[in-house]
Amino acid sequence: MAKNYDVKKIFSNINSQEKIELLEQLNIQTLDQQDLESLVLLIDDNDNGIRNCITNLFSFSDDPRIPSLLVKYISSTNISSRNLAGEILVKIGSNSVDSLIGYLGEVKNYDDQKFIIDLLGLIKNNKAEEAIVEILRNTKDANVKLSCIEALGNMESEKSVGLILTNYDEDDIYKPTINEALGKIGSQEALDFMIKKYPVENDLTKYSIIESLGIIGNMETFFFLISELNTSEGPLIWVLINSIKQLSEKLNLDVPFDEKMRNAILATIYQANSEFKKSAIHLLKEFNDKEIVTACLTALGEDYELDEILRTKVLQNKEHSLLAFPSLLKIKLKNSECVLNLLNDIIDSLEIPVTNILKGLSLRNLIDALSDYLSNSDEEARRISMNLLFRIDSKTALLFSDKMLSDDNIWNKLRFVDNLAEIEDESANKILEILTEDSEIMVSNRASELLKQRTSIYN
């Protein structure tokens, strides 16, 4: 099929699927300039399938003519087309930079300048550094300045640090972006500047400084951040913990686990989001502080990665961790099923009976807490707690048989019968007799079968 015919047919009266099939057959580099210019017009097409096809076609082509045609859409009044052109230019990457720089010199309005600079910042090619520095030096628009600063940070432009810093005290809105950019650039000048500014800044700016210090800090910064735990509170504590963790790993430094650090970790685990909680838990070398373990386990179920971190920590320190469960289960937990499953895993992994670790009041508290879960609204929590009671002390578990008998879930009832099958005791047989009258046929049949087996063995 001739190339001219292909392109013309794409614009003829055929359906979208046929157009897409034709586009997929095209080799862009065989097209002449007129055909390519026609093809670019499909960025304005209303059909998402065609737009997606054009995106793939242009994004993975190294034809140098494409960026020069696409940059004109940066000034399009059609926001959808403008954004799509920008997306493709970023995907093309470094081959788009010359066209973007050239167009940056042509546009006069701030919105277009900002859009181009944002794209160059995403591409991160230092070829654009000088052009962006020049814009930053001369622009009067705050949004353009912010885009310049962010882009230069993404390019890790050390030569622009001095110019960036001249904007720092001009307006508070620049400070978070400048601190983030300095953190990406990572020069000694950037580090020294942030440390100097930190004491006089508000909490929002301090937050952004701490984040950057966690990326570019040194040993002196590490101990500075630890010292700041004494006077900080709220979200500043969380981000301090995160940056301390980053530097401890980067510099292979031990984190002192004193009362100050303990309280900061507790505050982070109870109050912060999952990402900060992960950092706090990573800082725990030993998992033998009952209050810390209790706090950590309340975070189960929030995030898969966090659950895996907690599971590993608990199973590495299972005997110490086990001591936290009696009081933990007395808390009104949102994540009861996760906590009960982890307790089950700990007991599975023990080389000695759980009653050798938990004794007296601790054991009684655990059994009482588990018995409360037999009335939980979550059927899975009821099942796990029942199994745990039988595993820990089967005779004591029978004391709570009324709750187990009242469970309206058939699978929990069947599991109850299976647990009774493990107990050779007259009281277990009496409960089985009750279950032979259960309204669920599967339950009554299973209980009757088990009683018959026992009778035949005894006779």
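**Lys332 and the helices around it**

Reader: Where does Lys332 lie?

Author: Lys332 lies in the loop between α22 (325-328) and α23 (336-349). Helices here are DSSP runs of H or I with at least four residues, and strands are runs of E with at least two, numbered from the N terminus. This is a predicted model, in which local features need pLDDT of at least 70, side-chain atom pairs count only at pLDDT 80 or more, and totals for chains, interfaces and linings use all residues. Residues are numbered from 1 along each chain as its sequence is written, and side-chain values use heavy atoms, with hydrogens and water left out.

Reader: Is Lys332 buried or exposed?

Author: Lys332 is exposed, at 84% relative accessible area. Buried means under 20%, exposed over 50%, and partly exposed in between, with a 1.4 Å probe and protein chains only.

Reader: Switching topic. What is the secondary structure of the protein chain?

Author: It comes to 30 helices and zero strands. The chain is more spread out than a compact globule, because its radius of gyration is 33 Å, well over the 23 Å that the globule rule gives for 459 residues. That radius is taken over C-alpha atoms, and the rule is 2.2 Å times the number of residues to the power 0.38. The C-alpha trace spans about 100 × 65 × 30 Å along its principal axes.

Reader: How much of the chain do buried residues make up?

Author: 51% of the 459 residues.

Reader: And what does the pLDDT average for the chain?

Author: It averages 90, and 97% of the residues score at least 70. pLDDT is the predictor's confidence in each residue, from 0 to 100.

Reader: Where does it stay under 50?

Author: Over residues 1-5, for which the model has eight contacts beyond four places in sequence. A contact means heavy atoms within 4.5 Å. Where pLDDT is low, the predicted coordinates should not be read in detail.

Reader: Which residues in α16 are buried?

Author: Among them are Leu236, Trp238, Ile241 and Lys245. The buried residues of α16 pack against α14 (203-216), α15 (219-228), α17 (259-271) and α18 (274-282).

Reader: What comes just after α16?

Author: Asn252, which takes a positive phi of about 55°. Lys124 has a positive phi of about 70° although it is not a glycine, and its place is in the loop between α8 (110-123) and α9 (129-138). Lys124 counts as partly exposed because its relative accessibility is 49%. Glu156 has a positive phi of about 55°, again without being a glycine. Glu156 is exposed, with a relative accessible area of 51%.

Reader: Why does Lys145 count as buried?

Author: Because its relative accessibility is 7%. Lys145 lies in helix α10 (residues 142-154).

Reader: Which residues does Lys145 touch?

Author: Not counting residues up to four places away in sequence, Lys145 touches Leu136, Thr139, Asn167, Glu170 and Tyr174. Its side chain makes a polar contact with the side chain of Asn167 (3.2 Å). A polar contact is a pair of N or O atoms within 3.5 Å; within protein, one must be able to donate a hydrogen and the other to accept it, and residues adjacent in sequence count only if both atoms are side-chain atoms.
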